[in-house]
Amino acid sequence: MALAETDFAEIEKILSAPEVDSGVIATLRGRFPHLSWSRCDASDVSEEPYRAFPRFDVHLLDAADHCVQLTTDPARATGIVVAARQVKP
């Protein structure tokens, strides 16, 4: 199932909240069970993020062709990688 614009608008709202922390993945999994969710450190991903937020980068996953790869096309996205950034106090 592709990533709907309305879904991503809600995901953006959640990830841009000032109080967001690493526990947000559980919230996102509960709200968007049709998407596959992964979490990693931002330094683990060399590609440019689809979107960047103060605490997280977002990368889109495409697993439609039996080989998982990152994509910039929301219509092909079947999952999301949330890459946590190191935030300095």
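Is cysteine 40 buried or exposed? At 18% relative accessibility, cysteine 40 counts as buried, where buried means under 20% relative accessible area, exposed means over 50%, and partly exposed covers what lies in between (1.4 Å probe, protein chains only). Before we go further, a word on the ground rules: this is a predicted model, in which local features need pLDDT of at least 70 and side-chain atom pairs count only at pLDDT 80 or more, while totals for chains, interfaces and linings use all residues. Residues are numbered from 1 along each chain as its sequence is written, and side-chain values use heavy atoms, with hydrogens and water left out.

Let us stay with the cysteines for a moment. A disulfide is a pair of cysteine sulfur atoms within 2.5 Å, and a search of the whole structure turns up zero of them. For cysteine 40, the closest cysteine sulfur belongs to cysteine 67 and is 17 Å away, so it is too far for a bond.

Next, the helices. Helices (H or I, at least four residues) and strands (E, at least two) are DSSP runs, numbered from the N terminus. In α1, the buried residues are Asp7, Phe8, Ile11, Ile14 and Leu15. They line one face of the helix, because they fall within an arc of 115° when seen down the axis of α1; the arc is that of the directions from the helix axis to the C-beta atoms. The face of α1 turned away from this buried side carries the exposed residues Glu5, Thr6 and Lys13. What covers the buried residues of α1 includes α2, β1, β2, β3 and β5, with contact meaning heavy atoms within 4.5 Å.

Helix α2 (residues 24-31) can be read in the same way. Its buried residues are Val24, Ile25 and Leu28. Seen down the axis of α2, these fall within an arc of 100°, so they line one face of the helix. Ala26 and Gly30 are exposed residues on the face of α2 turned away from its buried side. Among the elements covering the buried residues of α2 are α1, β1, β3 (56-62) and β5 (79-84).

That brings us to β5. How many of the residues of β5 are buried? The strand is mostly covered, with six of its six residues buried. Both faces of β5 are covered: Gly79, Val81 and Ala83 are buried on one side, and Ile80, Val82 and Ala84 on the other. Two strands pair if DSSP finds at least two bridges between them. β1 and β5 run parallel and are joined by six bridges, and within β5, isoleucine 80 stands opposite tryptophan 37. β3 and β5 also pair, in the antiparallel sense, over six bridges. There, phenylalanine 56 has alanine 84 of β5 as its bridge partner.

Now for the aromatic rings. A pair of aromatic rings is described by the distance of the centres and the angle of the planes. Rings of Phe, Tyr and Trp (its six-membered ring) pair if their centres lie within 6.5 Å; planes under 30 degrees apart count as stacked, over 60 as edge-to-face and the rest as tilted. By this rule the count comes to two aromatic pairs. Phenylalanine 8 and tyrosine 50 make an edge-to-face pair, at 5.3 Å centre to centre with 80° between the planes. This pair links distant parts of the chain, with phenylalanine 8 in helix α1 (residues 5-15) and tyrosine 50 in the loop between β1 (36-41) and β2 (51-52), 42 residues apart. Phenylalanine 8 is buried, with a relative accessible area of 7%. Phenylalanine 32 and tryptophan 37 form a tilted pair, at 6.4 Å centre to centre and 45° between the planes. Phenylalanine 32 is buried at 3% relative accessibility, and tryptophan 37 is buried at 7%.

Serine 43 and alanine 84 are 41 residues apart in sequence and 8.5 Å apart in space, C-alpha to C-alpha. Glutamate 47 has its place in the loop between β1 and β2 and is partly exposed, with a relative accessible area of 44%. Not counting residues up to four places away in sequence, glutamate 47 touches His59 and Leu70.
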